Amino acid sequence: MGKNQWFLNFRAWSVHFYTSLGLATAFFSLLAIFSGNVKLFFIFQGISLFIDSTDGYFARRWNVKKWASQLDGRKLDDITDYLNYTFLPVAFTYKFGLITDSWLVVLVIVLITSIYGFCQTGAKTSDGFFTGFPNFWNVLVFYLYFFNWPVPVNALVMLLFSAFIFVPVKFLSYSSPVLRRSSYVLSFMYLVFLGIIVVNLNNLDIRLVWISLIGPIYYLFSALYLQFSKQS
């Protein structure tokens, strides 16, 4: 093996390692739930989002499928994402009383529908779009926590998004052929804004949370635009 090939292999494997750091943030998010530390939970979830938002770029740029083909990066990413995007937000929802009592069955439904969503053969299209709600439960739980709605309302919202997993609408991903650059820029700005909210958690102006909804609204309307304009 030449030095150049060795470097290409090493660089590709470093992307797999970078993706797997999402498991470390998942572990520390779990510890934050155990200790009842909301701020720390959201901080580690934010780091998880950042890793997941950027590892695909490096994987494509450094041709991981060719130079580190012995490991299935897609499977690694799905396992990490299920923990961070579904399982831990569900645990957070229970721990902090967003869903309680007889409504707990909703959390079981979320866990099952989400894993079905991850395991669907068409969960991600060949042209790089997600199909149906992409299991962003970490983002949804973020808003449910701050809005402090009654438990039945939280439950109905989670049931609604569970159903959206199976709605055949294309949602943007970072490998989508359209709006890719704007999605990167807006995602970065959105994460920074969420970071400001979390840092000011103990003295929060709730208007910041409402303003941050611009991010999810853009994401939803971009899906509707692509769906009805057939740009995808």
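Q: Leaving aside its neighbours within four places in sequence, which residues is V198 in contact with?
A: This is a predicted model, so read every value here as computed from it. V198 has its place in helix α8. Setting aside neighbours within four places in sequence, the residues in contact with V198 are K39, F42, I43 and F142.

Q: Is V198 buried or exposed?
A: The cut-off for buried is under 20% relative accessible area. V198 has a relative accessible area of 6%, so V198 is buried.

Q: How far apart in space are V198 and V38, C-alpha to C-alpha?
A: Along the sequence, 160 residues separate V198 and V38. In space, C-alpha to C-alpha, the distance between V198 and V38 is 8.9 Å.

Q: With which side chain does the side chain of Q45 make a polar contact?
A: Q45 sits in helix α2 (residues 38–61). Its relative accessibility is 4%, so Q45 counts as buried. Leaving aside neighbours within four places in sequence, Q45 is in contact with S29, N84, L88, P89 and N138. The polar contact, at 3.2 Å, joins the side chain of Q45 to the side chain of N84.

Q: Which element gives the most to the lining of the largest cavity?
A: The structure holds one cavity of 30 Å³ or more, and the largest cavity has about 50 Å³ of space. Its lining includes T19, S48, D81 and N84. At least two lining residues each come from α1 (3–35), α2 and α4 (73–95). With five residues, the element that gives the most is α4.

Q: How many charged residues does the lining of the largest cavity have?
A: By class, the lining of the largest cavity has two nonpolar and five polar residues. Among the lining residues are D52, D55, D77 and D81, and Asp counts as charged. The number of charged residues in this lining is four.

Q: Why is the pair of Y57 and F58 edge-to-face?
A: The structure holds 28 aromatic pairs. In the pair of Y57 and F58, the ring centres are 5.3 Å apart and the planes are at 75°. Planes over 60 degrees apart count as edge-to-face, so the pair of Y57 and F58 is edge-to-face.

Q: What is the angle between the planes of F92 and F96?
A: F92 and F96 form an aromatic pair that is tilted, at 4.5 Å centre to centre. F92 is buried, with a relative accessible area of 0%, whereas F96 is partly exposed at 23%. The angle between the planes of F92 and F96 is 40°.

Q: Which residues do ring pairs link into a cluster?
A: F92 and F96 form an aromatic pair, and both belong to a cluster linked by ring pairs. The cluster is made up of F41, F42, F92, F96, F142, Y143, Y145, F146, F147, W149 and W210.

Methods
Residues numbered from 1 in each chain as written. Predicted model: local features only at pLDDT ≥ 70, side-chain atom pairs only at ≥ 80, totals over all residues. Heavy atoms only, no water. Helix = DSSP H or I, 4+ residues; strand = E, 2+ residues; numbered from the N terminus. Buried < 20%, exposed > 50% of the residue type's maximum accessible area, 1.4 Å probe, protein only. Polar contact = N/O pair within 3.5 Å; in protein donor to acceptor, adjacent residues only side chain to side chain. Contact = heavy atoms within 4.5 Å. 1 Å grid on protein atoms, 1.4 Å probe; cavity = no way out; pocket = protein on both sides within 12 Å on 5 of 7 lines; lining within 4 Å. Points joined across faces, edges and corners; volume = space filled by probe spheres on them. Phe/Tyr/Trp six-rings, centres within 6.5 Å; stacked < 30°, edge-to-face > 60°.
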